[in-house]
Each structure stands twice: as C-alpha cells, then as structure tokens.
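Notebook open, model loaded. I want to look up the fold, the core and a couple of loop residues.

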Amino acid sequence: MKESTGGRKQGAISPCAACKLLRRRCAQDCVFAPYFPADEPQKFASVHKVFGASNVNKMLQVRFQ
Ligand SMILES: [Zn+2]
C-alpha cells in the first residue's frame, strides 16, 4: 500500500471516532484521539454503548492527571 501524499492538509484533520460519534469538534489535543482513531469507529461505539460518553470522558481525564 502506498502512503497517501495528498488530502491531508493542516486544519482539515478528520475527527477521531469519539468526536465523530459525539459530534464534537476534535481538537488537536483531543483526549480521545490516541485511543479512538478515526479508522476504528467500532471501538468507541462499543465503549460508548457500555459506559456512556461522559464516563468515558471522565476516565480518560483521570488518566491524564
Ligand atoms: Zn477527537
């Protein structure tokens, strides 16, 4: 597979799976992005289903403290 050279402009990053599902604006330092990349939407969908979005948010914030 060839690495894509075009279509990846600054400021036009696709939101991570979490932000996409929650319809949030995906910030550059989004806490979800490292855990829920955009190409694995099922991952966040299942976590979101079990724990709920606010709990996931809390859990991740705790990890960063
Ligand atoms: Zn995000």
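My entries follow, from the overall fold down to single residues.

Ground rules first. I am working with a predicted model, where local features need pLDDT of at least 70, side-chain atom pairs count only at pLDDT 80 or more, and totals for chains, interfaces and linings use all residues. I number residues from 1 along each chain as its sequence is written.

Fold. I find three helices and zero strands, running α-α-α from the N terminus on. Helices here are DSSP runs of H or I with at least four residues, strands are E runs of at least two, and both are numbered from the N terminus.

Burial. I get 11% of the 65 residues as buried. The cut-offs count other C-beta atoms, placed from the backbone, within 10 Å of a residue's own: 20 or more is buried, 12 or fewer exposed, in between partly exposed.

Core. Which residues form the largest nonpolar core? I list six: Cys16, Ala17, Ala18, Phe32, Phe36 and Phe44. A nonpolar core is a set of buried Ala, Val, Leu, Ile, Met, Phe, Trp, Tyr and Cys residues joined through C-beta atoms within 7 Å.

Loop between α1 (17-22) and α2 (41-51). I looked up Arg23, which lies in this loop. Arg23 is not a glycine, yet has a positive phi of about 55°. Arg23 is exposed because it has 7 other C-beta atoms within 10 Å. Asp39 sits in the loop between α1 and α2 too, and counts as exposed because 9 C-beta neighbours fall inside 10 Å. I also noted 8.0 Å between the C-alpha atoms of Asp39 and Cys16, 23 residues apart along the chain.
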